[in-house]
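Dear colleague,

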Amino acid sequence: MPKIISYDGTELAYRIVGEGEPLVCLAGGPMRDTAYLGDLGGLAAHRALVLLDPRGAGASAEPADPGTYRCDRQVGDVEALRVHLGLERIDLLGHSASGNLATLYAAAHPERIRSLVLVTSTGRAVGVETTDEEWDKAVELFADRPWYAEARAALDTIGPDTPLPRVSEITAPFAYGRWDAAAQEHAAGAERQIHWEAAVAYHGEGAYDPEATRRALTALTAPVLILAGEYDANPTPAMAAEAAAHFPHAELVVLPGAGHFPWVDDAEAFVHPIAAFLDPEVRTVTVDGVRLAYRVQGAEGAPPVVLVHGRTENSTTWTRIATELAADHRVYAVDLRGHGLSDRPGRYGFDVFRDELGGFIEALGLTGATVVAHSMGAGAAYLLAQRKPELIGRLVLEEPPVFFPLDPPRPWVARPEGPLGFDWEIVPATNAQLNAPDPAWCEELPAITAPTLVVAGGPASHISQDRLPWLADRIPDARLVTIESGHLVHTDRPTEFLAALREFGLR
């Protein structure tokens, strides 16, 4: 395990999980071994997590001066790690109590922060604290849980002389969105992972000067992402919003159904907003309460093109096409809900994707854009073009579904084992609509006013090719071109696909 020597000679240990750009991660507790962070729900698939054990915890040595356990005294440990890693600026994540340490570091060294992520972070550093009364009120969210009455009664046994490990044990059920086996196993590690004497000193007198910290944070130009759990009592989403107001460039995301350890409650919902936030090529916009990730290329002010992926795919499927089009267009490649780095709200369907695509275009001011869409995305795109024709200037439908009832219908399919790059619920939801589509989806095709190019993939495609000429005939200003490639025309035959787009008028 690699080690560094901090400002006062204390030897600190850290470990690296994952590959890629480093993300320095600070443990909460306070003063807890970073082992409890694990790989942060799979965040290590996107970044190399640099997990620093606090002084006196995990594999780090105890300092000669116990006074250095205080939160503000550990700012030097973070700076020592930055110097050791040879980084001019760092991406920094702090969980829970260590959100205060991350905040103090950002206030002391604003020029060293590239981005800051605060996960269910208590806000003492900026003067936002939760009282015991507020905590007691907040945990009433769990009143319908079968374990609540017993756990609530145990709270009444806590007194000033109750040992901290026992306090942690009693309050643990209220720290997770689901008090299931995974949460109980995770919570059980606290007793052996936290340096309890150091934890008492962490928030000690003199650790915080909120007014000075708030003044210093005005110099922070880096973006800040603040994640709160819907069921977290400290901080509640309202308290997290109050803390966020003290950062010049902060975004608040509330994770539905999550508590104080959101990567344990719902790993995917936790990872996606952080991965999107940390990726410099990804931006986000909220449409009807759902955060959508998207990638943009090309000069501002150039004619806009919106690229819409197919089922189970995401914006990266358009990389080659987007790069080519960006020479003379402003290109927006979106991750629809349930795909890529966008939220997974659990409600899906062609009509849902239709409305979402329209909301995306309106939110970014892209009315009149050319929309290039594949497969499922193409179905959503032409439903939008007939519902709100004013939003779309030109329309390219690559291998779109034609909404005739399937015969035979698609059968039920079990979810594959292992992690997926999309929400599996999309599959049964859209299959049901393909089996029995709304008749209006075909009847209203003549309402499409945008010049339309229908791109067919030929007999190797699973899409019924004899229906695509029918679709093109029903759209008033449509033409059909076949590129022998199968269903994935834009990825398997990109040169020919681009040529078809250029001939269609994307110049």
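**The sheet and its edges**

Lys3 stands opposite Ala13 in S2. The model is a predicted one, in which local features need pLDDT of at least 70 and side-chain atom pairs count only at pLDDT 80 or more, while totals for chains, interfaces and linings use all residues. Residues are numbered from 1 along each chain as its sequence is written, and side-chain values use heavy atoms, with hydrogens and water left out.

S1 and S2 run antiparallel and are joined by 3 bridges. Helices (H or I, at least four residues) and strands (E, at least two) are DSSP runs numbered from the N terminus, and two strands pair if DSSP finds at least two bridges between them. The open sheet consists of 8 strands in the order S1-S2-S4-S3-S5-S6-S7-S8, with mixed pairing. Strand S1 (3-5) and strand S8 (250-255) stand at the edges with a single partner strand each, so one side of each has no neighbour in the sheet.

**Strand S4**

S4 pairs with strand S2 (residues 11-17) in the antiparallel sense over 4 bridges; Val50 of S4 is the bridge partner of Ile16. With strand S3 (residues 22-26), S4 runs parallel, joined by 5 bridges, and Leu51 of S4 is the bridge partner of Cys25. 5 of the 5 residues of S4 (residues 48-52) are buried, so the strand is largely enclosed by the rest of the structure. Buried here means under 20% relative accessible area (1.4 Å probe, protein chains only). Both faces are covered, by Ala48, Val50 and Leu52 on one side and Leu49 and Leu51 on the other.

**Helices**

Helix H12 (residues 267-278) is largely enclosed as well, because 9 of its 12 residues are buried, among them Phe270, His272 and Phe277. H12 lies across S3, S5, S6, strand S7 (224-229) and S8, at about 165° to S6. Such angles run from 0 to 180 degrees between N-to-C directions, with axes fitted to C-alpha atoms, for helices over the stretch in contact (heavy atoms within 4.5 Å).

The axes of helix H14 (residues 350-363) and helix H15 (residues 376-387) come within 8 Å and cross at roughly 70°. H14 and H15 are therefore roughly perpendicular to each other, a term that covers 65 to 115 degrees. Residues making this contact include Phe350 and Leu357 of H14 and Met376 and Leu384 of H15.

Yours sincerely

Note on methods
Buried means under 20% relative accessible area, exposed over 50%, partly exposed in between (1.4 Å probe, protein chains only). Angles under 35 degrees count as roughly parallel, over 145 as roughly antiparallel, 65 to 115 as roughly perpendicular and the rest as oblique.
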